[in-house]
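Please look over the sequence and the model below before reading my comments. I have kept to points that can be checked directly on the coordinates.

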Amino acid sequence: MKLIAIIPAYNEESTIAQVIKEIPRQILGIDQVEVLVINDGSNDQTASIASEAGADFVINHQKNIGLAQTFNQGIQAALEKGADIIINTDADNHYNQSRIPELVAPILKGEADIVVANRDLKNLKPMPLVNRLGNYLGSFFVTRLCGLPRDLDVSSGFRAYSREAALRMNVVSTHTYAHETLIQAADHNLIIKSIVIPARPVARKSRLIKNVPSHISKSLVVILKTFTVYKPLRVMLFFGGILLLFGFLGVARFLYFYFTSGGSGHIQSLVLSGVLIILGFQVSIMGLISQAIGWNRRILEDILTWQKRERYK
C-alpha cells in the first residue's frame, strides 16, 4: 500500500521544508510514503528547498498555470507512480501534516473514498470575516445542492483520496478544484467523510485569494457551472419554473383585469407573459436534452476511468 502526498506550491520557500518534514513516513497500514511537490512556476527557491527537505519528486512548471490544473497534474502524477492513497495538502503550513494517519484511516478501513479535513473555522483565528463568510457560503451551497454531509468543509485543501476516487476525477476548472471535485464525487456516488482537524492560521495573504470578492464570485461560478454539468435537469427546471411562474402570474393578472374592467391597456403584459411561458417551456426542454447528454457524459467518463486504470496499472 503506497501513499503519496502531493503539495502544489507557488513561492513557498519559507514554509515548504517544514511541511515536507512534518509528513509522517511511517503510517500503520501503509507500506510506503512518498512526497510529490508540484512547483507552479515559482520565482523563488521553492523547488530546491523542497528537494533538500526530502521531497521524493519535484515537478517544475515553467510558468504559473494555477491551483486547479496544478492539483490535477499532481493527481495524475501520483497515480502514474502507483499511489493507492493520495493526500493533498497546502505548502503554506496551514494544515497539520502529523495528523495524516487520521485522515487516511477511514479509507484504510473501507469506510470512505474521500476524506476532507474540517478546519474548524469557527475557532480559526485570525481569519477575516469576509473569508470566513465565503467559506461558509461555499459549504452551504455545495452540501445542500449535492446532498453531502452538512459538516463538510468544501474549501479545505487537506484531503485524502482513494485510488478509485482519484481515477474518477477530471478537473476542468482553471480557478480551484475544491468544489468541482466534491460535486463530481457526489455524482459518482463516492463516499465522502469529514473529520475535524483544526488548521493553523496563516499570516501572509493567500496566493489563490488575491481579491476576496473576486474569489467568491469565481468560486460560485465554478459551483454553478459544475452543478449544471452534473445536475442539468434540476438547474434547468428551476430556472424554467421561475419563468413559467412569472408568465402564469402575468396571465392571471390579465384575466383579473379582463373580467373586472375589460382588460383595456393590459394587452402588453399578456404578450410579455406569453413570452415568459414560451421561454420557460424551452428552458425546461433544454433540461431534458441536457440530461440525455449527461448520460452520454457518464459513459465517456466511465471509458476515461477505464483508460486511466489501464494506463496507470
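Predicted model: local features only at pLDDT ≥ 70, side-chain atom pairs only at ≥ 80, totals over all residues.

1. Residues are numbered from 1 along each chain as its sequence is written, and side-chain values use heavy atoms, with hydrogens and water left out.

2. Seven strands make up an open sheet of mixed pairing, in the order E3-E2-E1-E4-E6-E5-E7; strands are DSSP runs of E with at least two residues, helices are runs of H or I with at least four, and both are numbered from the N terminus. Two strands pair if DSSP finds at least two bridges between them. At the edges lie E3 and strand E7 (192-196), each of which pairs on one side only, and the twist from one strand to the next averages 20 degrees.

3. Strand E5 (residues 114-118) pairs with strand E6 (residues 159-162) in the antiparallel sense over three bridges, with Ile-114 opposite Tyr-161 and Val-116 opposite Arg-159. E5 and E7, by contrast, run parallel and are joined by five bridges; there Asn-118 has Val-196 of E7 as its bridge partner.

4. Five of the five residues of E5 are buried, so this strand is largely enclosed by the rest of the structure; buried means under 20% relative accessible area, with a 1.4 Å probe and protein chains only. Ile-114, Val-116 and Asn-118 point one way from E5, whereas Val-115 and Ala-117 point the other way. In a regular strand the side chains alternate between the two faces of the sheet.

5. In helix H2 (residues 46-53), the buried residues are Thr-46, Ala-47, Ala-50 and Ala-53. They cover an arc of only 130 degrees around the axis, which puts them on the same side of H2, the arc being that of the directions from the helix axis to the C-beta atoms. These buried residues pack against strand E1 (2-9), helix H1 (16-22), strand E2 (32-39) and strand E3 (57-60), where contact means heavy atoms within 4.5 Å. Gly-54, which follows H2, has a positive phi near 115 degrees.

6. Helix H5 (129-146), helix H8 (212-230) and helix H9 (232-261) each supply at least two residues to the lining of the second largest pocket. Among the lining residues are Phe-141, Leu-145, Leu-220, Phe-227, Arg-234 and Phe-238.

Technical notes
Buried < 20%, exposed > 50% of the residue type's maximum accessible area, 1.4 Å probe, protein only. Axes fitted to C-alpha atoms, helices over the stretch in contact; angles between N-to-C directions. 1 Å grid on protein atoms, 1.4 Å probe; cavity = no way out; pocket = protein on both sides within 12 Å on 5 of 7 lines; lining within 4 Å.
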